[in-house]
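Keep the picture at hand while you read.

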Amino acid sequence: MQLTRALLVPVLRTLPWRALGAAGAVGLLIVSMARLSDTADEPLALNLLRAAALAFALGLAFVLDDPARHTTTPVPTRRPARHALRVALVAPVTAAWSTAAVLLVPEAIRPPVGDVTLEAGAAFTLALAASAAAVRFTQAAEPGQAVAGAVLTTAVLGLLFWPGRWALFVGTQDPRWAEAHDRWGMVLAGAVVVWGVCGPEPLRRRVVLRPTGAA
């Protein structure tokens, strides 16, 4: 615990505040179109909120970037604790951003807040899970750029090719709305599981030395 407190300031300084700030600003600009447009309605507001959540998720893809990754591996504070600390420091910013995004949408055309928050939370967790997987299975210290590209590509392909019978991106008047958000809950749970599995450092591979001259 004492070592974790000692890591607080260094981690706070190395968090990707510029990437988060840029992603958050872009997201809020997207949502503000619902307030600035005279023809905005609930379907448009919903799509703007989804686009804004995706923009912020791209910023969160950089949260687990650690330039000192290969020098911090031997420290007593293990990787899951270090990752949890980074996410805990970003969580209040994420909550404040999400609140601001929802409040930017006029109340008259605001989609159900709980369901929209579930979608955003799933997107955010997927970005963090993808980052954790990149750290787990590669040697990259800062995989955020590649992860952000993968998240954006996945979102676009999902919109184009996701099967209609398992629809996720539906409108509030669609009879599949409730079922879609049951699926969003499963997406969120799956992302949490992936994140948990990818959290620990990989076990060192055993190296088998062959005797000199062996075939």
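## Aromatic rings

Tryptophan 97 counts as buried, at 8% relative accessibility (buried means under 20% relative accessible area, exposed over 50%, partly exposed in between, with a 1.4 Å probe and protein chains only). This is a predicted model, where local features need pLDDT of at least 70, side-chain atom pairs count only at pLDDT 80 or more, and totals for chains, interfaces and linings use all residues. Residues are numbered from 1 along each chain as its sequence is written, and side-chain values use heavy atoms, with hydrogens and water left out.

Who is the partner of tryptophan 97 in a stacked aromatic pair? That's phenylalanine 56, with 4.6 Å centre to centre and 15° between the planes. (Rings of Phe, Tyr and Trp, the last by its six-membered ring, pair if their centres lie within 6.5 Å; planes under 30 degrees apart count as stacked, over 60 as edge-to-face and the rest as tilted.) Phenylalanine 56 belongs to helix H3 and tryptophan 97 to helix H5, so the pair ties together parts 41 residues apart in sequence. (Helices, H or I, at least four residues, and strands, E, at least two, are DSSP runs numbered from the N terminus.) Phenylalanine 56 is buried too, at 1%, and Phe56, Trp97 and Phe124 form one aromatic cluster.

## Salt bridges

There are three salt bridges (a side-chain nitrogen of Lys or Arg within 4 Å of a carboxyl oxygen of Asp or Glu). One of them joins arginine 50 and glutamate 119, at 2.8 Å from N to O. Arginine 50 sits in helix H3 and glutamate 119 in helix H6, so this pair ties together parts 69 residues apart in sequence. Arginine 50 is buried at 17%, and glutamate 119 is buried at 5%.

Glutamate 179 and arginine 183 also meet in a salt bridge, at 3.8 Å. They're four residues apart in helix H8, which means about one helical turn separates them. Glutamate 179 is partly exposed at 45%, while arginine 183 is buried at 17%.

## The largest pocket

The largest pocket is lined by 32 residues, and Ala123, Leu126, Ala155, Phe169 and Trp184 lie nearest its centre. (On a 1 Å grid over the protein atoms alone, a pocket is an open set of points where a 1.4 Å probe fits, with protein on both sides within 12 Å along at least five of seven lines; lining residues have an atom within 4 Å of a point.) Helix H6 gives the most to this lining, with ten residues.
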